[in-house]
Amino acid sequence: MEKFNMHAAALRRTARLFLLGIMLLLAACSSLQLAYNHGDTLLYWWLDGYVDLESDQKPWVRQDIDEFFQWHRKTELRDYAQVLQTARRQLQGTPTEADLLGDYEDIRERTRLLLLKALPQLAELARSLRPQQIAQIEKKFASNNDTFRHKNMKGDREHQLAFRYDKAMDQFELWFGNFSREQEAAIRQASDARPLDNALWLDQRMRRQRAILALLRQVQRDKLGQEATMTLIRTLIDDSFARRDQGDRKDFFEVYDQDTAQLVLTVIQLATPAQKAHALKRMQGWIDDCNTLAAQAR
C-alpha cells in the first residue's frame with residue numbers, strides 16, 4: 001500500500017485518515033461511519049492519482065489496503081474512541097497548553113507507528129514501481145507545491161495571514177458552530193500571533209519529497225530486496241518525524257506549536273456554553289461512530 005507516498009505528500013495531514021484528524025477531515029460528512037466504510041476505496045483512488053497504478057499492481061494494492069483497513073478497524077478504532085473521550089473531558093474542563101501539546105505529540109507518535117505498521121506493504125509497492133511511475137510521483141509533488149504556493153504564498157503578508165486565519169476558522173466552525181464578530185476578532189488576533197513563514201513550510205515539503213524520490217530511485221536502481229527497502233523506509237519515516245525537533249528550525253516549530261496551542265485555548269475560552277455543547281455533541285457522535293465501526297470488524 002502506497003502510504004509511503006502518502007507520507008511524503010501529506011505527512012502533516014496523515015493523521016486525518018486514521019487518527020484524531022480523521023474527525024476534522026471528514027467532519028463535514030453527516031456520518032463518520034459512511035466516510036470510513038468507503039475509506040479503502042478513497043485511499044486507493046488517492047494513491048492511483050499519485051502513482052498511476054498498472055494492471056498487474058492493482059489487485060494486490062487493493063488487497064493490501066483492504067487488509068490494512070481490516071486491521072485498523074479491529075485494533076485501533078476503540079483506542080481512538082478513548083482518545084476522543086480524553087479530548088471531550090478536556091473540553092468540558094479547563095485544558096492547558098501542556099494538555100494540547102501533549103495531545104499533539106500523542107497523535108504524531110500514533111501516526112509514526114501507523115506508518116511503521118505498513119512497512120511491508122510500503123516496501124512491496126516501492127519495489128514494484130517503474131521509472132515512469134516515479135516520474136509521475138515527481139510531477140504530482142510539483143503540482144501540489146504549485147497549489148501550495150498559489151494558496152498560501154499569494155499576495156502580501158496581510159493576505160497570507162488572512163488566508164491562514166480563514167483555514168483555521170473553517171475547522172473551528174466545524175467544531176463549535178458560528179462565532180460572533182467579537183469572538184472572530186479575538187481569534188484572528190491569536191491566529192496572527194503565530195509565526196508566519198510559508199517559504200519554510202514549502203521547503204520542508206520539498207525536502208521530504210526529494211528524500212522520497214531519492215529512496216524510490218535507489219530501490220529501483222539497486223534492485224533492493226524487501227528487508228533492505230523496509231530499512232530505508234523506516235529510516236525515512238523516523239527522520240521525517242524527528243526533523244521538526246532538530247536543526248536550525250527547531251525554535252521556529254516550537255514557537256509555532258506553542259502559539260497554535262494558545263490559539264486553540266483562545267477558542268475554547270471564548271466559546272459560549274451553546275458552542276461548547278455543539279462541540280461536545282459532535283465529538284460524542286464521532287466516539288459512537290468509532291465504537292460502532294470497531295464492532296463491525298470482520
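Predicted model: local features only at pLDDT ≥ 70, side-chain atom pairs only at ≥ 80, totals over all residues.
Me: What is the secondary structure of the protein chain, and how much of the chain counts as buried?
Reply: The chain comes to 16 helices and zero strands. Of its 298 residues, 46% count as buried. Residues 24 or more positions apart account for 84% of the contacts with a separation of 6 or more.

Me: Why is α10 called roughly antiparallel to α13?
Reply: The axes of α10 (residues 131-152) and α13 cross at roughly 180 degrees and come within 11 Å. Angles over 145 degrees count as roughly antiparallel, and α10 and α13 are therefore roughly antiparallel to each other.

Me: Which residues of α10 and α13 make the contact?
Reply: From α10 they are P131, I134, I137, E138, F141, N144, N145, F148, R149 and N152. From α13 they are N198, W201, L202, R205, M206, Q209, I212, L213, L216, R217 and Q220. By class, this contact of α10 with α13 divides into 11 nonpolar, six polar and four charged residues.

Me: What makes α5 roughly perpendicular to α10?
Reply: The two helices pack at an angle of about 100 degrees, with their axes 7 Å apart. The range for roughly perpendicular is 65 to 115 degrees, so α5 is roughly perpendicular to α10. In this contact G49, Y50 and V51 of α5 meet Q133, Q136, I137, K140, F141 and N144 of α10. The classes are four nonpolar, four polar and one charged.

Me: Why is α11 called oblique to α15?
Reply: The axes of α11 (residues 157-176) and α15 (residues 250-270) cross at roughly 45 degrees, coming within 12 Å. Roughly parallel needs an angle under 35 degrees, and roughly perpendicular begins at 65. An angle between those limits is oblique, which is why α11 is called oblique to α15. The crossing of α11 and α15 is right-handed.

Me: Which residues make the contact of α11 with α15, and how do they divide by class?
Reply: R164, F172 and F176 of α11 meet Y256, L263, V264, V267 and I268 of α15. Seven of these residues are nonpolar, none is polar and one is charged.

Me: How do you know that the length of α15 agrees with its number of residues?
Reply: At 1.5 Å a residue, the 21 residues of α15 should span 30 Å. The end C-alpha atoms of α15 are 30 Å apart, so the two values agree.

Me: Which residues of α15 are buried, and what covers them?
Reply: The buried residues of α15 are F252, F253, Y256, D257, A261, L263, L265, T266, V267 and I268. What covers them includes α7 (77-92), α8 (97-117), α11, α12 (181-192), α13 (198-222) and α16 (273-295).

Me: Why is Q57 called buried?
Reply: Q57 has a relative accessible area of 1%. Buried means under 20%, so Q57 is buried. Q57 is placed in the loop between α5 and α6. Not counting residues up to four places away in sequence, Q57 touches S128, L129, R130 and Q133. Q57 and L129 are 72 residues apart in sequence and 9.0 Å apart in space, C-alpha to C-alpha.

Me: Why is A135 called partly exposed?
Reply: The relative accessible area of A135 is 31%. Under 20% would be buried and over 50% exposed; A135 is therefore partly exposed. A135 is found in helix α10. C-alpha to C-alpha, A135 and L213 are 8.9 Å apart in space, and they are 78 residues apart in sequence.

Me: What makes K223 exposed?
Reply: Exposed means over 50% relative accessible area. K223 has 71%, so K223 is exposed. K223 lies in the loop between α13 and α14 (226-243). Its phi is near 50 degrees, a positive value in a residue other than glycine.

Me: Where does D52 lie, and what is its phi?
Reply: D52 lies in the loop between α5 (39-51) and α6 (58-75). D52 has a positive phi of about 60 degrees although it is not a glycine.

Technical notes: Residues numbered from 1 in each chain as written. Heavy atoms only, no water. Axes fitted to C-alpha atoms, helices over the stretch in contact; angles between N-to-C directions. Helix = DSSP H or I, 4+ residues; strand = E, 2+ residues; numbered from the N terminus. Left-handed = near helix turned anticlockwise from the far one by under 90°. Contact = heavy atoms within 4.5 Å. Nonpolar A, V, L, I, M, F, W, Y, C, P; charged D, E, K, R; others polar. Expected span 1.5 Å × (residues − 1). Buried < 20%, exposed > 50% of the residue type's maximum accessible area, 1.4 Å probe, protein only.
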